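Student: I have a structure open and would like to talk it through with you. Could we start with the overall picture and then move to a few details?

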Amino acid sequence: MKTVQAYKKENGKWKYISENNTLKNPLVLVFGNRYLLENDEVIEDIRAEFPYEHLVFGSTSGEIADTNVLDKSITVTAIEFEKSSFVIKRANILDYNKDAAELGKILYDEMPKDNLKHLFVLSEGSFVNGSSLIAGLEDDLYKNVCITGGMCGDDARFEKTLASYKQNPKEGEVILMGFYGDTLDISFASVGGWQPFGPERLITKSNGNVLYEIDGQPALDLYKKYLGDKAVQLPQASLLYPLNVTIPGKEKPVVRTILNIDNDKQSMILAGDAPEESHVQLMMATVDAIAEGASKAALYAMHNRKSMPQLALLISCVGRKLVMNQRVEEEIEQVKEMVGDTTTITGFYSYGEMAPFVNTTSCELHNQTMTLTLISE
């Protein structure tokens, strides 16, 4: 594997983290600020600097390049696979009446299955139900294939997110990347570091990822009471106080962030499903706990690997970034200590992370976690 990595701040020049070598048919991951990805001149500049075919774009809530956490920037990581290969498929949720499960099924059906080792998904993050998308992708999934990935971000604005493959970035896109090859060594992990607090309550009315009632009371009204003065800052304020949701039949709880609110219906739109009869609690975290969570995620991802990773794809939640503030790079540094100095690190801050729990293979939608996908050939 060969990689080339560079970044560009708003109105700045390209700065290379690696040597600027010419690569053969690379996968090019372009993560950037939404406003920059909407700028045609910026896109033209990216295409001129990286004149390759397989460009994948995603908007973020912060860009990761090596141990740098950047804002209002574009990061580019070009990856040449020397012993393995990749296939990329795309679809737009707006063409499927926002039915994420159906889109997921079709995307996976289109993916060649022979020698498929892993799937990485980059999804629109504003209105796609991540849980439904995963359910569609896994509907007929080969037994030994796992899924990781993340949902695009838009800083803490929650206005719209962008993604694309080959085309200029646009709303509604879901990109699925399949990795193939006998020598591929791919591992992953996802850990949070947040702690539940307050009374555990019961979800009494919901529909998919829309939460209407908790303990028979309007969900939004109850949540606003907990937030107090910070309620006027919703949905951004919810990033500091996500929900810990224990779904019936599931052994481990998942964390859910609020993507939007509906004051008329007193409901909250979450990043993933929160079924009725689920138990729910508020959560909070400290900077040290979040950094420790990143370290644990890296430790779990490195466990039982056959080789040192050459590439680390990091998807971390925007809520973690807001809590850590000026210390945000500490969680990336924790990861680097585990994966080693020779590993190319890229990724972004997201509206949702996708990965199985430790020692499982079925993918889950997470919020407020550090999710790693480690790849080597």
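This is a predicted model: local features need pLDDT of at least 70, side-chain atom pairs count only at pLDDT 80 or more; totals for chains, interfaces and linings use all residues.

Student: What does the secondary structure come to?
Tutor: The chain has eight helices and 26 strands, these being DSSP runs numbered from the N terminus, with at least four residues for helices (H or I) and at least two for strands (E). The chain is as compact as a globular protein of its length, because its radius of gyration is 19 Å, close to the 21 Å that the globule rule gives for 377 residues; the radius is taken over C-alpha atoms, and the rule is 2.2 Å times the number of residues to the power 0.38.

Student: And which spans does the C-alpha trace have along its principal axes?
Tutor: They are about 60 × 45 × 40 Å.

Student: Switching to strand E22, is it covered or open?
Tutor: E22, which runs over residues 311–317, is mostly covered, with seven of its seven residues buried. In a regular strand the side chains alternate between the two faces of the sheet. Both faces of E22 are covered, with Leu 311, Leu 313, Ile 315 and Cys 317 buried on one side and Ala 312, Leu 314 and Ser 316 buried on the other.

Student: Which strands does E22 pair with?
Tutor: E22 pairs in the parallel sense with E23 (residues 344–350) over seven bridges, and in the antiparallel sense with E26 (residues 370–376) over six bridges; two strands pair if DSSP finds at least two bridges between them. Ala 312 stands opposite Ile 345 in E23, whereas the bridge partner of Leu 313 in E26 is Thr 373.

Student: New topic: where does Thr 75 lie?
Tutor: Thr 75 lies in strand E7, residues 73–80, and is buried, with a relative accessible area of 1%.

Student: What does Thr 75 touch?
Tutor: Leaving out residues up to four places away in sequence, Thr 75 touches several residues, among them Ala 6, Tyr 7, Phe 31 and Glu 63, a contact meaning heavy atoms within 4.5 Å.

Notes
Residues are numbered from 1 along each chain as its sequence is written. Side-chain values use heavy atoms; hydrogens and water are left out. Buried means under 20% relative accessible area, exposed over 50%, partly exposed in between (1.4 Å probe, protein chains only).
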